Amino acid sequence: MSKISSADYYASIPVFRGFSRLMDPGLYKPVPDDWLIGTADIVDSTKAIADKRYKAVNMAGAAVIAAVTNALEGREFPFVFGGDGASFAVGPEDAAAAREALSATATWVREDLDLSMRVALVPVTAIRAQGLDVRVARYGPSANLSYAMFAGGGLGWAEAAMKRGEFAVSPAPSGAQPDLSGLSCRFEEMPSARGLILSVLVLPGANADPQAYRKAIEDIITLTERSPEAGRPVPAGGPALRWPPQGLGYEVRATRGSAVSRWVRVIGRTLFVYAVMRFGINMGGFVPVLYRQQVVENSDFRKYDDALRMILDCSEDLAKELERRLSEAAADGIVRYGLHRQDTAMMTCFTPSAIRPDHVHFVDGAQGGYASAATALKTAAA
């Protein structure tokens with residue numbers, strides 16, 4: 001493939017609407033050969049979840065995306081949030097900046113969140129040498145922005161290679177801190193309105209027929225989209241906002257500077273934002289009512305990265321029906337899956353500019369989420 005810049009490649013992919021179209025192979029465009037796949041995850045996230053450190057795990061995963069975005073000076077690139085980690089694709093001109101951001105993030109996660117994060121940059125050529133691919137589509141949940149979807153099996157292979165210690169990016173020296181400007185988690189947890197919050201993770205079976213797998217995924221999406229018993233876990237008016245916010249300490253850690261100056265700045269900033277939002281004060285192009293609407297519309301509660309991931313607010317009856325269909329498909333070797341039930345969902349936000357409509361909001365289950373669904377999948381496969 002000819003060389004193409006990151007911005008030009010990603011911009012050339014048309015945005016599709018309608019999540020039910022997700023499995024259409026015509027929506028996906030191969031990543032150029034000279035690109036790299038970045039991947040990161042928390043080591044032993046199962047223990048962190050058992051210790052109820054859900055917020056820290058999600059903050060670490062979102063930090064990867066924030067750090068790389070800021071390192072690339074806001075240029076668009078394909079990425080996906082996985083709960084306890086993240087993956088992305090960058091061109092060769094952005095490789096050095098992405099590597100530095102990953103390296104610094106791994107150190108920050110260890111020193112400020114007391115978690116261990118693996119990070120790696122995997123050449124696309126190494127993935128294609130395995131007979132796999134990395135293809136990207138752009139799904140627009142609203143008119144405000146789009147999220148990348150990945151297919152081809154390459155992301156899964158890259159993550160497995162990272163866990164084997166291949167293509168590793170070494171952590172930066174102690175004290176290094178990435179630029180995490182815009183990263184926050186100020187909203188309160190979101191309780192279920194329909195009965196439970198269900199974390200869904202579905203992968204293809206080891207030797208699954210691609211058409212059978214596609215049909216199984218489309219069946220699941222149709223079930224959840226058409227049923228009044230399932231929907232977005234974000235309330236119509238947006239999540240509750242209180243002060244001090246639940247994630248105050250994490251936002252302090254994500255801010256550069258001395259300990260005292262970080263606390264002073266974050267306390268002042270969050271109190272100011274709370275007052276503006278609480279009293280609906282329009283100022284400097286910021287309209288609180290519009291921002292809340294965009295938070296709901298922009299919420300990243302379902303995605304595809306070689307696996308279908310969804311955080312659903314649904315009834316127990318629908319959860320049982322979904323599990324029944326997945327169990328049948330798994331018995332036929334079509335899918336592997338993991339589900340996790342909990343009472344609430346949570347949101348981690350990346351808002352480089354509050355007056356632009358393309359701020360992103362990552363949703364996960366608040367008592368285990370995607371990480372616990374992945375554990376359930378591994379247990380079932382054992």
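Trainee: Okay, from my notes: a charge sits over a ring if NZ of Lys or CZ of Arg is within 6 Å of the ring centre and within 35 degrees of the ring normal. So which residue's face does R138 lie over?

Mentor: Y10. R138 is placed over the face of that ring, 4.5 Å from the ring centre. Keep in mind that this is a predicted model.

Trainee: Got it. And what about the charged end of R278, where does that sit?

Mentor: Over the ring of F279, at 5.3 Å from its centre.

Trainee: Let's stay with rings. How many aromatic pairs are there?

Mentor: The count is 9, taking rings of Phe, Tyr and Trp as a pair if their centres lie within 6.5 Å. F286 and Y291 make a pair with ring centres 5.3 Å apart and planes at 55°.

Trainee: Why is that pair called tilted?

Mentor: Planes under 30 degrees apart count as stacked and those over 60 as edge-to-face, with the rest tilted. The planes of F286 and Y291 are at 55°, so their pair is tilted.

Trainee: Are F286 and Y291 buried or exposed?

Mentor: They are both buried.

Trainee: Which residues do ring pairs link into a cluster?

Mentor: F77, F79, F81, F88 and F362.

Trainee: What is F81 in contact with, leaving aside its neighbours within four places in sequence?

Mentor: Its contacts are N58, G61, A62, I65, A86, D300, K303, F362 and V363. F362 belongs to the ring cluster too.

Trainee: Nice pair of examples. Where does G131 lie?

Mentor: In the loop between α5 and β7. G131 has 68% relative accessibility, so it counts as exposed.

Trainee: New topic: helices. How do α7 and α11 cross?

Mentor: Helix α7 covers residues 210-226 and helix α11 covers 316-331; their axes come within 11 Å and cross at roughly 170°. Angles over 145 count as roughly antiparallel, and therefore α7 and α11 are roughly antiparallel to each other.

Trainee: Which residues make the contact?

Mentor: From α7, D219, I220, L223 and T224; from α11, L318, E321, L322, R325 and L326. They divide into 5 nonpolar, 1 polar and 3 charged.

Trainee: Where do they lie, E73 and D114?

Mentor: E73 is in the loop between α3 and β4. D114 is in the loop between α4 and β6. E73 is exposed at 69% relative accessible area, and D114 is exposed at 62%.

Terms used: Residues numbered from 1 in each chain as written. Predicted model: local features only at pLDDT ≥ 70, side-chain atom pairs only at ≥ 80, totals over all residues. Heavy atoms only, no water. Axes fitted to C-alpha atoms, helices over the stretch in contact; angles between N-to-C directions. Helix = DSSP H or I, 4+ residues; strand = E, 2+ residues; numbered from the N terminus. Parallel < 35°, antiparallel > 145°, perpendicular 65-115°, else oblique. Contact = heavy atoms within 4.5 Å. Nonpolar A, V, L, I, M, F, W, Y, C, P; charged D, E, K, R; others polar. Phe/Tyr/Trp six-rings, centres within 6.5 Å; stacked < 30°, edge-to-face > 60°. Buried < 20%, exposed > 50% of the residue type's maximum accessible area, 1.4 Å probe, protein only.
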